[in-house]
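Subject: Structure handover and notes

Dear colleague,

I am passing on the structure we spoke about, and my notes on it follow below. Please read them with the model open beside you.

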Amino acid sequence: MEFSEVWSARKLSILVKLEVRLCVLQCFCEADRAFLSHLAQPEMLQLQFMTLHDEKLEMQEAAVCLLGRLSELNPALVLPRMRRVLLETLSQLTNSGQAKLEQHSARLLTQLARQSPKFMRPYLGPLLQALLPKLRNEMKHVDVTVHVLHAISELCVVGGAEIVRNIDPLFQKLTQLINDSSSLQRREAALLTIGRIARSTAYVVDPYKDYPNLLDDLLRLLKTEMSSKMRRQAISTLGILGALDPYTHKVFTGAVQSATSISTALSLPMARDAADPRQDIIQWYNYEKCTLEEFYPAITIANLMVMVQDEAFIQYYKEIAQALLTIFRSLGDSFPQYVQQVSMYRFYFYFNGDTLLITNFYFDNNFTKVTRACRGRPSHREFFLRQLASLVAIIKVHAKPYMKQIFSLIADAWSDDQSVKVTVVSVLEQIGTAMGQEFAPHVAELIPYLLHVVQTDNSEDRKLTAQVLSCVRSLSGCLTPHLPLVLPPVLSILDDNAVPISVRQSALDTILHLTRSDDLSDYAPRLMQSWQSAISVPALQPQLLELLIEIVNQMWKHFEVFRRGVDANLRKYNLNSGEAYEKYIKTAQQAMLHPAERPGKRRGTGPVPPERINVPHTFTPSAAKNMDQMLTWTVNKQRLNIDAVVRAWSVDSLVSKEEWAQWLVKLRVAFIKSGSSAAIRAAASLSDQHQHLAKDLFNAAFMSVWTELTEDYQDRLKASLLTALETSNHPDVIQTILNLAEFMDHSERGPLPIAYDRLGKSAEDTKAYAKALRYKELQIHKHLNRGGGGLTTEDCQALIT
């Protein structure tokens with residue numbers, strides 16, 4: 001197909017009926033790479049971007065699918081626009097409050113994750129924070145929940161640490177949904193999501209312990225579900241989650257009691273203390289759910305917090321607190337993910353929370369009590385709400401700390417009759433005008449009220465709708481990030497012939513106001529579709545001609561796509577004369593003849609980084625800011641003290657068990673003091689005084705040293721450890737090295753380069769038979785992989801005994 005034919009096809013995809021436009025986009029999505037290379041050219045991309053704001057949601061979804069394919073061919077132009085689409089989709093999902101738009105947003109996220117997984121990976125955290133609240137049990141939300149589950153399933157395939165961090169809230173919701181008998185589709189989607197989460201995060205077997213009823217629920221679905229598709233999915237999920245020993249399952253469900261035993265060998269059976277966070281962190285590291293840089297502070301903080309919980313260390317609390325503070329200083333901007341581990345920091349936040357409550361006494365107690373006492377007396381409530389608006393108009397930006405309480409009052413008043421709602425919208429308009437740009441962060445809370453009015457106001461005069469339109473005009477300076485939510489409802493008022501003409505004129509005034517304060521060229525298809533449907537109304541024609549000129553000024557040369565249809569309508573309704581028409585013709589001709597001389601600059605938002613994505617969080621940025629102010633300096637990564645660690649691992653002239661025991665103590669402390677991890681070094685003085693802490697941190701400290709050593713020094717260290725295994729005859733020394741070898745087997749920088757036969761013999765000597773068996777198995781596998789013969793009699797005898 002020639003380039004001109006492609007151009008014509010793009011015109012068709014914008015101008016004609018939905019079925020044709022949608023068919024064109026679907027054909028483009030299925031085209032080969034050679035054809036897509038034409039569509040990835042800058043001029044063609046600008047036309048395709050217009051379809052992202054088509055009036056039909058199906059067109060928007062097809063456009064996103066096409067952009068996903070084009071992102072590989074021209075990422076420089078496509079990815080910034082995809083970031084904007086992602087931002088708009090999240091805003092729509094979290095703020096619209098409309099089931100249809102929430103479903104549409106979830107489908108868009110599914111398309112983006114399926115077409116461009118690499119692009120979506122940095123945004124997983126905000127995406128999950130936005131999607132999780134949409135997993136609801138009520139029947140009226142079934143369709144939304146199903147589409148959200150499909151989106152989460154696709155995001156699980158993308159992977160990333162954010163999925164792991166959100167496993168608990170996800171599984172809590174999912175285990176509830178698979179037991180919900182009210183919707184088969186929701187159960188199927190939940191079951192599929194469980195399997196994908198387990199597969200992508202290696203979260204296997206553990207779900208049976210964390211959710212003891214999960215296995216019984218899956219087996220019940222397998223036995224009782226009538227849908228064959230559901231039964232197949234249940235079998236697949238069971239296979240992904242893995243096999244479980246029946247006795248262990250009884251322990252998990254509480255059917256039998258587990259005997260707690262304490263052993264120094266990590267591989268010996270031991271009931272894990274659920275209250276000990278260290279085991280969770282080690283397990284996360286073993287499953288490669290966190291990196292070494294994340295593991296070092298996590299395991300150090302966990303060990304320090306165990307000491308805090310033990311009253312025997314009360315005299316060391318000051319040193320522990322200092323160590324924790326040093327760790328947080330070393331973390332820089334990454335500290336928020338560790339705050340939950342530290343209870344004393346929670347007290348700090350709670351203290352600030354109490355201070356905030358005292359400060360907010362006036363707003364929380366006085367106005368809330370007064371306005372609620374006026375329930376049933378709208379005139380009184382209107383009076384106090386207007387007084388609130390007057391107060392904000394006086395104090396202006398100083399009302400910012402109290403916006404949460406103000407919106408609480410508004411939500412409480414919103415359930416009253418029509419007159420109070422009109423007053424509420426008026427109050428919001430006055431507050432927004434008084435605060436100016438400081439009101440921008442709160443616009444997201446305002447939008448659901450405005451959208452609710454547009455959808456539900458069926459009164460004859462549409463007085464409330466007119467008030468909402470006035471509010472939108474007043475707040476236009478703050479609405480730029482939310483235009484995808486605000487503009488379509490306003491255009492729907494303009495399109496609705498049942499709406500009084502005065503309200504439609506007000507909607508058109510609002511659109512004109514927005515075009516003069518923002519660049520709406522991205523929304524040109526939707527604007528032109530409304531323009532063509534409303535141009536037949538004589539009372540709207542003068543304003544529509546003004547709007548047309550604004551659109552031409554913003555689109556400039558790209559307006560040529562709409563030129564033929566617009567001219568035909570102007571001739572049809574005898575509007576092809578007059579001053580406004582002449583101005584339109586002059587502007588359109590100038591755009592065509594001088595495409596590079598566009599007046600003014602486009603007010604685009606540009607690429608949107610992940611941190612700019614604004615979604616509800618359970619963690620408060622203000623708290624993070626306060627903590628940031630506390631941690632005013634950072635601890636840099638320390639250069640490895642190679643001389644100190646070499647002296648520590650030296651095993652020359654060690655003979656007696658006492659000498660080996662002393663060597664082990666010095667080795668642990670030296671590695672903690674000299675390692676490259678600032679978090680581990682922060683606990684050096686405490687580990688020097690408390691050998692149990694040095695023992696618990698040794699594996700992590702060893703890794704922080706090992707990863708910094710050259711190959712020559714690693715060989716020397718390996719030789720010292722090998723000498724200790726062969727000659728020390730000290731159980732603690734041997735067991736420490738065996739535990740270290742087991743730890744490094746799970747590390748990205750492992751394993752410990754000591755032969756399996758040597759480790760197995762040492763394990764057998766110290767009666768750590770589980771380790772000995774494991775190393776014998778590894779030794780046999782290594783022999784077989786090298787092309788050796790089958791199992792010998794000696795091998796079988798060694799495995800049995």
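Where is Arg 462 found? Arg 462 lies in the loop between helix H26 (443-456) and H27, where helices and strands are DSSP runs numbered from the N terminus (helices H or I with at least four residues, strands E with at least two). Before going further, please keep in mind that this is a predicted model, in which local features need pLDDT of at least 70 and side-chain atom pairs count only at pLDDT 80 or more, while totals for chains, interfaces and linings use all residues. Residues are numbered from 1 along each chain as its sequence is written, and side-chain values use heavy atoms, with hydrogens and water left out.

Overall picture

The protein chain has 44 helices and zero strands. Of its 801 residues, 49% count as buried, a term that stands for under 20% relative accessible area, with exposed meaning over 50% and partly exposed in between (1.4 Å probe, protein chains only). Among contacts between residues at least 6 apart in sequence, 71% join residues at least 24 apart, a contact being heavy atoms within 4.5 Å.

Backbone

Most residues other than glycine have a negative phi. Arg 462, although it is not a glycine, has a positive phi of about 50°, and this residue is buried, with a relative accessible area of 12%. Ala 202 also has a positive phi, near 60°; Ala 202 sits in the loop between helix H13 (184-201) and helix H14 (206-210) and is partly exposed, at a relative accessible area of 33%.

Helix packing

Two packed helices are described by the angle between their axes and the distance between the axes. Here the axes are lines fitted to C-alpha atoms, for helices over the stretch in contact, and the angles run from 0 to 180 degrees between N-to-C directions.

Helix H25 (residues 418-435) and helix H27 (residues 463-474) have axes that come within 9 Å and cross at roughly 5°. H25 and H27 are therefore roughly parallel to each other, given that angles under 35 degrees count as roughly parallel, over 145 as roughly antiparallel, 65 to 115 as roughly perpendicular and the rest as oblique. The residues that meet include Val 422, Val 425 and Glu 429 in H25 and Leu 464, Val 468 and Cys 471 in H27. By class, this contact of H25 with H27 has five nonpolar, six polar and three charged residues, where Ala, Val, Leu, Ile, Met, Phe, Trp, Tyr, Cys and Pro count as nonpolar, Asp, Glu, Lys and Arg as charged, and the others, Gly among them, as polar.

Helix H28 (residues 483-495) and helix H30 (residues 524-534) pack at an angle of about 10°, with their axes 9 Å apart, and H28 and H30 are therefore roughly parallel to each other. Their contact involves, among others, Leu 487, Leu 491 and Asp 495 of H28 and Arg 526, Leu 527 and Ser 530 of H30. The residues of the contact of H28 with H30 divide into six nonpolar, three polar and two charged.

Helix H9 (residues 124-131) is mostly covered, with seven of its eight residues buried. The buried residues of H9, including Leu 124, Leu 127 and Leu 131, pack against helices H6 (75-95), H7 (99-115), H8 (117-120), H10 (142-158) and H11 (161-165).

Side chains

Tyr 296, in helix H19 (residues 292-308), counts as buried at 3% relative accessibility. The C-alpha atoms of Tyr 296 and Ala 678 are separated by 8.7 Å, although the two are 382 residues apart along the chain. Leaving aside neighbours within four places in sequence, the contacts of Tyr 296 include Ser 677, Ile 680 and Met 703.

The count comes to twelve aromatic pairs, in which rings of Phe, Tyr and Trp (its six-membered ring) have centres within 6.5 Å, with planes under 30 degrees apart counted as stacked, over 60 as edge-to-face and the rest as tilted. Phe 559 and Tyr 584 form an edge-to-face pair, 6.1 Å centre to centre with 85° between the planes. Phe 559 is buried at 2% relative accessibility, and Tyr 584 is buried at 1%. Ring pairs link Phe 559, Phe 562, Tyr 581 and Tyr 584 into a cluster.

The count of disulfides, meaning pairs of cysteine sulfur atoms within 2.5 Å, comes to zero. The sulfur of Cys 29 is 3.8 Å from the closest cysteine sulfur, in Cys 65, too far for a bond.

With best wishes
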